[in-house]
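Dear colleague,

Please find the structure below.

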Amino acid sequence: MLKFKYFVEQHVFGVCTRIGEKFGISIGSIRLYFIYTSFLTMGSPIIIYLVLAFWMNIRKYLRQRNNPSVWEF
């Protein structure tokens, strides 16, 4: 079960994990609050989640571009 959990966390965007690590909050509680608010507000947090995921990926690619590795010359 743990292998599946780590596989999903690595291949999904990881927004809840990043928020939990940054603010020192349990990742499980962040995911539960996300699910609860998604049901209460009929899915609008999903849009926020996707925007945050897009922003995190853009930042990752910008950092890689600013710091190229030896093989990228």
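Two helices, helix 2 (15–23) and helix 4 (44–66), each supply at least two residues of a positive patch. Helices here are DSSP runs of H or I with at least four residues, strands are runs of E with at least two, and both are numbered from the N terminus.

Please note that this is a predicted model, in which local features need pLDDT of at least 70 and side-chain atom pairs count only at pLDDT 80 or more, while totals for chains, interfaces and linings use all residues. Residues are numbered from 1 along each chain as its sequence is written, and side-chain values use heavy atoms, with hydrogens and water left out.

The positive patch lies on the surface and gathers Arg18, Lys22, Arg59 and Arg63. Patches are made of residues with over 30% relative accessible area and no salt bridge; like charges are joined within 9 Å, and nonpolar side chains (Val, Leu, Ile, Met, Phe, Trp, Tyr) within 5 Å. A salt bridge is a side-chain nitrogen of Lys or Arg within 4 Å of a carboxyl oxygen of Asp or Glu. Lys and Arg count as positive and Asp and Glu as negative, while His and the chain ends are not counted. The place of a charge is taken as NZ of Lys, CZ of Arg, CG of Asp or CD of Glu.

Arginine 18, in helix 2, counts as partly exposed because its relative accessibility is 37%. Buried means under 20% relative accessible area, exposed means over 50%, and partly exposed lies in between (1.4 Å probe, protein chains only).

A nonpolar patch on the surface is formed by Leu32, Tyr33, Ile35, Tyr36 and Phe39, which together have about 600 Å² of accessible area. Accessible areas come from the Shrake-Rupley method with a 1.4 Å probe, and for residues only the protein chains shown count as cover. Tyrosine 33 belongs to helix 3 (residues 27–40) and, at 56% relative accessibility, counts as exposed.

As for the whole protein, the secondary structure comes to four helices and zero strands, in the pattern α-α-α-α along the sequence. The accessible surface is about 6600 Å², and carbon and sulfur atoms account for 70% of it. Of the 73 residues, 14% are buried.

Which residues of helix 2 are buried? They are Val15, Cys16, Thr17 and Gly20. Valine 15 counts as buried because its relative accessibility is 2%. Leaving aside neighbours within four places in sequence, valine 15 is in contact (heavy atoms within 4.5 Å) with Tyr49, Leu52, Ala53 and Met56.

Just after helix 2, glycine 24 has a positive phi of about 75 degrees. Isoleucine 27, in helix 3, is partly exposed, with a relative accessible area of 24%. Not counting residues up to four places away in sequence, isoleucine 27 touches Cys16, Thr17 and Gly20. From isoleucine 27 to threonine 17 there are 10 residues in sequence and 5.7 Å in space, C-alpha to C-alpha.

Yours sincerely
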